[in-house]
Amino acid sequence: MSVSVSIQPGSVRRDSDSEPLIDSRYRKGDGPTTAMDEDTALSNKTTLRKKRYSINSMRCFGVELTPDNIAVAMVYFVQGVLGLSRLAVSFYLKDDLHLDPAETAVISGFSSLPWLVKPLYGFISDSFPLFGYRRRSYLVLSGLLGAFSWSLMATFVDSKYGVAFCILLGSLSVAFSDVVVDSMVVERARGESQSMSGSLQSLCWGSSAFGGIVSSYFSGSLVGAYGVRFVFGLTALLPLITSAVAVLVKEQPVFGPARGQNILLDSTDFLASSKSSMAQLWDAVKQPNVFLPTLFIFLWQSTPHSDSAMFYFTTNKLGFSPEFLGRVKLVTSVASLVGVGIYNGFLKSVRLRKIFLVTTVTGSALGMTQVLLVTGLNRRFGISDEWFAIGDSMIITVLGQVSFMPVLVLAAKICPEGMEATLFATLMSVSNGGSVLGGLLGAGLTRLFGVTKDRFNNLTPLIILCNLSSLLPLPLLGLLPEDIADADSKEGSDIEEMKSN
């Protein structure tokens with residue numbers, strides 16, 4: 001769960017929006033301008049240009065750090081740093097509410113529902129400006145909603161239904177802000193090479209991984225030292241960063257009858273706009289070079305997993321403390337960043353089919369190593385449970401991140417102009433839907449195998465079945481294009497027709 005931009009080169013060129021801001025400081029006043037004044041003004045302008053050149057030339061993952069890109073990176077950073085509450089939620093469900101692994105998995109799946117309707121948020125963001133803005137205003141509201149949901153978790157919530165509702169609101173906040181920044185990324189990715197699109201996605205997910213690193217260690221130690229309520233209260237402050245960075249988004253106010261007067265549209269305009277947007281979305285989705293890769297991604301994501309059962313096993317059976325699990329999370333966050341770096345540095349031009357084949361087979365084989373931890377065989381080789389868990393999590397996380405990056409690049413490249421947020425959100429919702437289905441299938445298998453919070457006799461066959469099932473989508477690799485460039489060329493005529501519409 002949960003589950004990429006046209007880049008301006010680093011230059012001193014001023015666009016039409018920024019020029020009045022610079023020139024106005026020299027055009028004020030009604031008095032005559034002397035030669036000395038002109039020289040001073042010219043010197044000041046030159047200094048400003050040099051500063052702008054220095055700022056614009058700063059790059060991360062090969063992407064220029066413009067204010068827009070900084071805002072995108074910060075929103076992804078918030079998504080990563082919100083992992084501060086993940087361990088707190090897991091321990092709250094297990095220790096305070098005394099839920100079984102299957103119930104925990106179901107609540108996790110329910111709380112992910114907002115990620116399944118991301119096209120709705122993209123449609124709202126693209127079609128209905130709020131207070132004159134399609135991006136800024138929704139980022140502000142998303143941050144406020146997230147702060148509200150975690151504040152409730154820190155104060156009033158004391159039942160599994162209340163937890164599910166609050167996490168649902170928190171997921172809605174993150175999902176909506178994710179759609180908004182994704183649309184900004186897609187706008188910049190159009191027309192760029194596969195390599196540059198990969199760099200943009202690397203910036204996004206690298207920022208998220210860095211946020212995970214920042215929060216990882218403290219997520220466990222804070223739970224152990226101050227309790228889950230304190231962590232929930234601290235988490236409530238983080239979404240406000242999303243609201244704050246909205247001011248960095250460069251966006252012109254949108255008014256007029258073409259898009260309506262902000263959000264106050266009459267019902268006729270609303271229905272007509274909705275019908276037109278849905279028709280355009282369907283025209284895009286039904287194209288074979290969009291539909292077939294999307295179908296593969298859904299099937300690839302929907303294989304069951306045993307994450308909830310393993311969490312209960314490591315805490316109740318092996319006695320892993322919150323602080324140690326925080327350290328494991330720190331390692332996996334670093335591993336996620338390493339995965340982004342590996343893809344950005346070596347794999348951006350590798351064929352999609354090859355990446356999926358290698359990472360899926362390797363990941364399935366390495367996932368079987370969890371059986372060694374469950375049966376205790378790792379200790380016979382002189383490897384402690386703690387070190388084995390750290391190494392296993394690190395390797396699997398790197399593979400998972402490497403295999404997911406090309407999915408994002410492909411999704412960004414096939415989005416037609418004018419509906420970036422809507423179509424990209426649709427593709428990501430399909431992917432998230434597969435993840436939720438995989439979690440629910442895992443919950444059903446956990447209950448079927450009789451794995452509870454204190455019974456783990458059948459955990460080994462559960463792990464084996466879940467890992468083998470991840471190989472099932474491989475015969476369908478032919479649904480993917482040979483490479484992203486091929487997808488672009490084959491889509492060309494259809495996309496141009498949709499752009500005309």
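1. Leu-200 sits in helix α9 (residues 194–226); helices here are DSSP runs of H or I with at least four residues, numbered from the N terminus. With a relative accessible area of 2%, Leu-200 counts as buried, a term that stands for under 20% relative accessible area, with over 50% called exposed and the range in between partly exposed (1.4 Å probe, protein chains only). Its C-alpha lies 9.3 Å from that of Val-186, and 14 residues separate Leu-200 and Val-186 in sequence.

2. A word on the basis of these values. The model is predicted, so local features need pLDDT of at least 70 and side-chain atom pairs count only at pLDDT 80 or more, while totals for chains, interfaces and linings use all residues. Residues are numbered from 1 along each chain as its sequence is written, and side-chain values use heavy atoms, with hydrogens and water left out.

3. Now to Ala-309, which belongs to helix α14 (residues 307–317). Ala-309 has 0% relative accessibility and is therefore buried. Setting aside residues up to four places away in sequence, Ala-309 touches Pro-101, Thr-446, Val-451, Phe-456, Leu-459 and Leu-462; contact means heavy atoms within 4.5 Å. Ile-463 is 154 residues from Ala-309 in sequence, yet the two C-alpha atoms are 9.3 Å apart.

4. Which residues touch the most other members of the largest nonpolar core? They are Met-153, Val-163, Trp-205, Phe-232, Phe-356, Leu-459 and Leu-462, out of 106 residues in that core. The largest share of this core, 13 residues, is supplied by helix α8 (residues 160–189). A nonpolar core is a set of buried Ala, Val, Leu, Ile, Met, Phe, Trp, Tyr and Cys residues joined through side-chain atoms within 4.5 Å.

5. Met-153 deserves a look of its own. Beyond its neighbours within four places in sequence, Met-153 is in contact with Val-89, Val-163, Cys-166, Arg-229 and Phe-232. Met-153 is also one of the buried residues of α7, a list including Ser-137, Tyr-138, Gly-146 and Trp-150. Helix α7 (residues 136–155) has 20 residues, which should span 28 Å at 1.5 Å a residue, and its end C-alpha atoms agree at 29 Å apart; the expected span is 1.5 Å times one less than the number of residues.

6. Phe-356 brings us to α16, whose buried residues are Leu-352, Ile-355, Phe-356, Thr-359, Thr-360, Ser-364 and Gly-367. Viewed down the axis of α16, these fall within an arc of 135°, so they line one face of the helix. The arc is taken over the directions from the helix axis to the C-beta atoms. Helix α16 (residues 352–367) has 16 residues and reaches 22 Å from its first C-alpha to its last, close to the 22 Å expected.

7. Of its 13 lining residues, Pro-293, Thr-294, Ile-297, Ala-411 and Leu-427 lie nearest its centre. The largest share of this lining, five residues, comes from α13. A cavity is a set of points on a 1 Å grid over the protein atoms alone where a 1.4 Å probe fits but cannot get out, and lining residues have an atom within 4 Å of a point.

How values were computed. Helix = DSSP H or I, 4+ residues; strand = E, 2+ residues; numbered from the N terminus. 1 Å grid on protein atoms, 1.4 Å probe; cavity = no way out; pocket = protein on both sides within 12 Å on 5 of 7 lines; lining within 4 Å.
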